[in-house]
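Please read them alongside the sequence and the coordinates.

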Amino acid sequence: DPDAALYWLCRMLDGGCDPSYLARRILRMAVEDIGNADPRGLTLALEAWQAYDRLGSPEGELALAQAVVFLACAAKSNAVYAAYGAAMEDVRAQGTLEVPLHLRNAPTRLMKEEGYGAGYRYAHDYPGNFADQEFLPVALSGQVFYEPGNNPRENELRNRLQQLWPKRYRY
């Protein structure tokens, strides 16, 4: 509700809330609640904060208001937030897992002899700039953390992932 969002922003400003704190919370909303549903939200929130810092009060508050209204109207998705949490859980549970050999840099002859970089496929050498290969550690092969939300932008991402990795991404 952009009207309610704007009202509460004005209430907090009128009540003496630090606009820089509000800018931080607006940015957090763009990242946590909007995410890939509308990635422009992150840019707008950052620019609103920067505009506030440059203009000060009261002119800079209009930039915060613009960001609040945009984010209120934007499609919502916490899919990246959830994926980040799931990936962090696996990192903590699995500990330090090995980087697959084909992804390792081989600047020395010994490393090349050890198989570093062997079998790596440079995406730009393949149709659509995509080389189907595993990028996760062997123990996590095929793991899916990011499940796109149900909104137009993330539906595009879901379709792309399903086209690129049909066996992995079966939403």
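1. The lining of the largest pocket comprises six nonpolar, three polar and three charged residues; Ala, Val, Leu, Ile, Met, Phe, Trp, Tyr, Cys and Pro count as nonpolar, Asp, Glu, Lys and Arg as charged, and the others, Gly among them, as polar. The lining residues include Arg-28, Glu-32, Asp-38, Leu-42 and Tyr-81. On a 1 Å grid over the protein atoms alone, a pocket is an open set of points where a 1.4 Å probe fits, with protein on both sides within 12 Å along at least five of seven lines, and lining residues have an atom within 4 Å of a point.

2. The volume of this largest pocket is about 180 Å³, a volume being the space filled by probe spheres set on the points, which are joined across faces, edges and corners. Helix 2 (19-34), helix 3 (40-55) and helix 5 (79-94) are the elements that give two or more residues to the lining, and helix 2 contributes the most, with four residues. Helices are DSSP runs (H or I, at least four residues), numbered from the N terminus.

3. As to provenance, this is a predicted model, in which local features need pLDDT of at least 70 and side-chain atom pairs count only at pLDDT 80 or more, while totals for chains, interfaces and linings use all residues. Residues are numbered from 1 along each chain as its sequence is written, and side-chain values use heavy atoms, with hydrogens and water left out.

4. Rings of Phe, Tyr and Trp (its six-membered ring) pair if their centres lie within 6.5 Å; planes under 30 degrees apart count as stacked, over 60 as edge-to-face and the rest as tilted. Tyr-7 is partly exposed at 44% relative accessible area, and Trp-8 is partly exposed at 47%; buried means under 20%, exposed over 50% and partly exposed in between (1.4 Å probe, protein chains only).

5. Which residues do ring pairs link into a cluster? They are Phe-130, Trp-165 and Tyr-169. The rings of Phe-130 and Trp-165 have centres 4.9 Å apart and planes at 80°, so they too form an edge-to-face pair. Phe-130 belongs to the loop between helix 6 (109-113) and helix 7 (152-164) and Trp-165 to the segment after helix 7, so the pair ties together parts that are 35 residues apart in sequence. Phe-130 is buried at 17%, and Trp-165 is buried at 17%.

6. Arg-168 lies over the face of Trp-165, 5.6 Å from the ring centre, and Arg-104 over that of Tyr-116, at 5.0 Å. The criterion is NZ of Lys or CZ of Arg within 6 Å of the ring centre and within 35 degrees of the ring normal.

7. The Ser-57 to Pro-58 peptide bond is cis, with omega near 5°, and Pro-58 sits in the loop between helix 3 and helix 4 (59-73). Asn-129 has a positive phi, near 55°, and is placed in the loop between helix 6 and helix 7. Most residues other than glycine have a negative phi, and most peptide bonds are trans.
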